[in-house]
There are 2 protein chains.
Amino acid sequence: MKAKVLQLLRTCEDHFVSGEHISNQLSISRTMVWKYIDALRKEGYVIKAVSNKGYHLVEEMDVVNEHAIRSRLEVDAIFQNIIYEDTVTSTQQVAYKLLGEGAPHGTLIVANEQTSGRGRLGREWYSPANTGIWMSLIMRPNIEMQQTPQLTLVAAVALARAIKEATNYDVQIKWPNDLIFNGKKIAGILTEMQSDPDRVKSVIIGIGINVNQQTFPESIANIASSLSLETRETFHRVAIIEHFLREFQWLYHTYLEKGFSFIKPLWEARAISIGEEILAKTANGELKGVAEGISDEGVLLLKDSEGNSHRIYSADIHLLEKE
Amino acid sequence: MKAKVLQLLRTCEDHFVSGEHISNQLSISRTMVWKYIDALRKEGYVIKAVSNKGYHLVEEMDVVNEHAIRSRLEVDAIFQNIIYEDTVTSTQQVAYKLLGEGAPHGTLIVANEQTSGRGRLGREWYSPANTGIWMSLIMRPNIEMQQTPQLTLVAAVALARAIKEATNYDVQIKWPNDLIFNGKKIAGILTEMQSDPDRVKSVIIGIGINVNQQTFPESIANIASSLSLETRETFHRVAIIEHFLREFQWLYHTYLEKGFSFIKPLWEARAISIGEEILAKTANGELKGVAEGISDEGVLLLKDSEGNSHRIYSADIHLLEKE
């Protein structure tokens with residue numbers, strides 16, 4: 001209900017909405033309207049009230065919670081099952097718990113803080129409170145196992161587009177799962193798959209976005225940054241979430257319908273390493289060469305100096321300095 | 001502690017164990033010894049007490065619970081984290097919840113009853129109380145994704161050997177995941193994998209064994225049976241669990257050390273369909289031919305009447321009647 005009140009206030013951002021209008025629209029008493037307004041104010045929304053005119057949403061603070069997200073959902077949104085937690089170990093871990101309770105396709109877990117956020121290969125992901133977006137999406141897509149890495153690339157394109165829309169800044173994608181701004185990592189995506197030999201049962205897409213952090217631990221300060229640190233602006237996290245959910249939904253549906261070939265050019269247009277000399281550190285050793293692009297399956301294609309082609313399924317990529 | 005008392009009673013099955021001996025061995029008071037004995041009796045263990053002689057474990061009922069299992073573990077057992085539940089939706093679901101809490105390698109979940117036990121492709125698995133073994137193993141093996149189906153075959157060999165040891169009956173294996181007795185399904189194994197593009201994070205091996213059921217729902221009565229129905233005997237579930245854990249542990253370690261080639265002949269020796277004419281129903285259609293065996297990766301090899309070889313990764317197998 002709070003989400004609906006917020007929605008009504010937002011539809012008339014420049015004008016006043018009368019308590020009577022809200023009361024009629026949502027079939028609740030005027031007293032209840034006032035209670036919801038009061039609760040929203042306490043969360044940080046600046047809502048002006050003028051007799052005979054009504055309520056006016058003057059300013060939205062960067063409030064992230066379940067109804068803040070829900071109030072921005074499209075009617076046909078996939079992610080209707082929204083779980084918000086203040087502090088979690090990691091949203092990926094919460095996702096496993098929810099799978100254990102039969103969580104449906106379209107579950108979104110968002111946390112204000114992660115005490116042990118994780119990136120690829122179990123590496124720590126710095127996830128302090130109030131500054132970043134730490135979220136996991138649970139999906140139950142009818143896809144083949146070898147397709148699941150493609151979902152990371154779909155999410156990367158959606159996230160790059162969402163950041164552009166919400167902040168007007170362009171970010172780049174570094175294969176397979178990082179978003180880069182001014183040469184530094186500002187977001188990461190980790191797709192986990194739960195499968196049996198017959199099928200993919202579910203997929204958890206974990207996303208971390210450094211939005212408003214002003215400092216980073218020394219150990220990662222030279223490789224990681226936030227949108228705010230790079231631009232000297234601050235951004236509303238919930239607006240980025242809103243744009244991401246919308247972008248992801250249409251890209252995901254188009255991907256299911258038309259295949260990865262639809263996503264590939266969108267991905268490559270934002271890719272940082274294509275055509276560049278890179279070093280790929282894989283579990284089986286290192287490979288140097290030119291990143292030629294990604295295959296129709298989302299695999300990185302690398303050509304070494306002797307002209308041999310390599311298909312890279314999993315690696316850390318380092319851009320080599322040009323001489 | 002109950003597990004340790006039980007262990008001490010069992011080491012001297014023919015003789016009496018004095019309360020003093022138990023008290024000394026476990027560093028607990030005589031009163032505590034008596035309390036544990038009393039608690040075990042209430043669970044169904046028949047324990048005789050004679051003054052000046054001590055306690056004598058006359059008979060073990062078919063008690064399945066955490067300490068009943070723990071009292072039968074080897075010292076170096078992998079599965080030290082034992083969770084017993086009376087009723088669960090399915091032990092696989094509980095396993096996901098525990099993964100969400102960071103469950104370690106070597107977690108064993110056993111339930112007395114499953115209200116929505118599941119087999120392959122989400123099919124129902126009839127799991128009534130007090131009669132069968134419903135369990136899931138959580139492991140965090142350092143293996144490649146394509147190896148995980150092999151764990152189903154390792155578990156199948158371990159289970160066939162365990163049933164032989166605990167009941168003295170031979171059961172057969174039907175690729176990929178069923179155990180067959182007198183032509184009917186008496187056990188099934190379902191291996192689920194949790195992975196990201198870099199690695200296998202964890203594996204859940206789910207196992208259902210029909211031990212003492214006397215009836216089956218009409219819909220499955222012609223394909224499913226229990227060890228008891230087929231033999232007119234009843235069996236101790238905990239003894240089958242004990243043998244399985246021991247067999248699985250050494251087969252699993254040998255598999256990691258020597259590879260699947262060590263498991264393959266053990267599996268093929270018990271396989272029901274090898275050399276037979278079968279019908280393989282896959283997601284992409286049906287294939288008829290002779291099952292030639294399994295590959296070194298555990299894939300089913302089928303040769304059709306025109307001599308073409310097929311590699312079957314996932315299918316329902318039907319033995320065709322011989323003319």
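**The interface and its symmetry**

Modeller: Chain A and chain B bury about 2100 Å² between them, with 51% of it on carbon and sulfur atoms. Buried area is the accessible area (1.4 Å probe) that two parts lose on being put together, summed over both. The model is predicted: local features need pLDDT of at least 70, side-chain atom pairs count only at pLDDT 80 or more, and totals for chains, interfaces and linings use all residues. Residues are numbered from 1 along each chain as written, chains are lettered from A and ligands numbered from 1 in the order written, and side-chain values use heavy atoms, without hydrogens and water.

Colleague: By what turn can chain A be laid on chain B?

Modeller: Two copies of a chain are related by a rotation about an axis and a shift along it. Here the turn is 180 degrees and the shift 0.0 Å, with an RMSD of 0.1 Å (superposed by least squares on the C-alpha atoms of residues with pLDDT of at least 70 in both). That is the relation of a two-fold axis. The same surface serves both copies, as 100% of the contact residues of chain A recur in chain B (contact means heavy atoms within 4.5 Å).

Colleague: How many salt bridges cross the interface of chain A and chain B?

Modeller: A salt bridge is a side-chain nitrogen of Lys or Arg within 4 Å of a carboxyl oxygen of Asp or Glu. The rule finds four across this interface. One of them joins Lys201(A) and Glu192(B), at 3.0 Å from N to O.

Colleague: How does strand 8 of chain A run relative to strand 8 of chain B?

Modeller: Strands are DSSP runs (E, at least two residues), numbered from the N terminus, and two of them pair if DSSP finds at least two bridges between them. Three bridges join strand 8 of chain A to strand 8 (residues 184–196) of chain B, and the two run antiparallel. Met193(A) has Ser195(B) as its bridge partner.

Colleague: Which peptide bond of chain A is cis?

Modeller: Most peptide bonds are trans. The bond from Trp175(A) to Pro176(A) is cis, with omega near 0 degrees. Pro176(A) is found in the loop between strand 6 (172–174) and strand 7 (178–181) of chain A.

Definitions and conventions
Helix = DSSP H or I, 4+ residues; strand = E, 2+ residues; numbered from the N terminus.
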